Amino acid sequence: MHQACPWLAARLAEHAGPPPGAGLSARADSAGEADAVSSRARHAFGAHVAEVAVDTVTGEVRVRRLLGVFAAGRILNPRTARSQFTGGMITGLGMALTEGSTLDPEYGDFVKRNLASYHVPVHADVPAVEARRIEEDDPCLGPTGSKGIGEIGIVGTAAAIGNAVHHATGVRLRRLPLTPDRVLGALQG
């Protein structure tokens with residue numbers, strides 16, 4: 001797109017009046033450029049911090065605050081990027097505390113097939129979620145200077161929550177989700 005758009009803009013500048021009825025089109029072949037191997041990392045980076053409260057009587061873990069700070073190159077649309085970051089962080093909260101699949105040992109199928117038995121975070125479960133980004137200008141990234149942010153908010157959040165539970169209780173849990181029964185079992189064991 002970066003190669004085709006300047007050509008198309010030049011064609012439109014040459015043309016007086018409205019665009020041609022049949023329209024204009026442009027093509028570019030970026031094979032060898034877009035998929036070229038680079039010695040530099042082209043991935044987004046992030047750091048996550050979680051504040052949790054752990055009830056040692058019931059085993060309940062409540063997340064009070066989440067903070068994610070991300071370096072993702074040039075952000076083309078800050079509003080949608082923020083939504084991507086915070087949405088990923090909420091998904092990571094679900095991964096850490098509520099979402100777990102159970103396989104039927106006889107048939108190998110998932111037992112939980114609906115939202116009544118597969119618990120995802122709801123509004124009351126989601127604390128103050130803050131996503132910040134670090135302005136980053138890396139000329140080696142390509143013409144737009146942007147990186148993919150994909151699901152960068154998810155896994156770091158689950159790890160931050162696990163580390164916060166460890167910090168609060170002194171017990172390291174190594175299996176998600178951190179359900180009350182697992183937390184109590186770890187505290188008593």
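Val165 is found in helix 3 of this predicted model; helices here are DSSP runs of H or I with at least four residues, strands are runs of E with at least two, and both are numbered from the N terminus. Val165 counts as buried because its relative accessibility is 1%, where buried means under 20% relative accessible area, exposed over 50%, and partly exposed in between (1.4 Å probe, protein chains only). Not counting residues up to four places away in sequence, Val165 touches Val52, Val54, Val61, Gly170, Val171, Leu173 and Leu178; contact means heavy atoms within 4.5 Å. Val183 lies 18 residues from Val165 along the chain, and their C-alpha atoms are separated by 9.0 Å.

Residues are numbered from 1 along each chain as its sequence is written. The model is predicted, with local features needing pLDDT of at least 70 and side-chain atom pairs counting only at pLDDT 80 or more, while totals for chains, interfaces and linings use all residues; side-chain values use heavy atoms, with hydrogens and water left out.

Three strands form an open sheet with mixed pairing, in the order 1-2-3; two strands pair if DSSP finds at least two bridges between them. Strand 1 and strand 3 are the edge strands, each pairing on one side only. From one strand to the next, the twist averages 15 degrees. Strand 2 and strand 3 run parallel and are joined by seven bridges, and Gly68 stands opposite Ala131 in strand 3.

Helix 2 packs on this sheet, touching strand 1, strand 2 and strand 3, and its direction makes about 140 degrees with that of strand 2. Helix 3 also packs on the sheet, where it touches strand 1 and strand 2, at about 40 degrees to the direction of strand 1. These angles run from 0 to 180 degrees between N-to-C directions, with axes as lines fitted to C-alpha atoms, for helices over the stretch in contact.

The buried residues of helix 2 include Phe85, Met89, Leu93 and Leu97. Among the elements that cover the buried residues of helix 2 are strand 3 (128-134) and helix 3 (152-169).

Lys147 sits in the loop between strand 3 and helix 3. Lys147 counts as buried because its relative accessibility is 10%. Its side chain makes a polar contact with the side chain of Glu136 (3.0 Å); such a contact is a pair of N or O atoms within 3.5 Å, and within protein one must be able to donate a hydrogen and the other to accept it, while residues adjacent in sequence count only if both atoms are side-chain atoms. The side chain of Lys147 also reaches the backbone oxygen of His43 at 3.1 Å.
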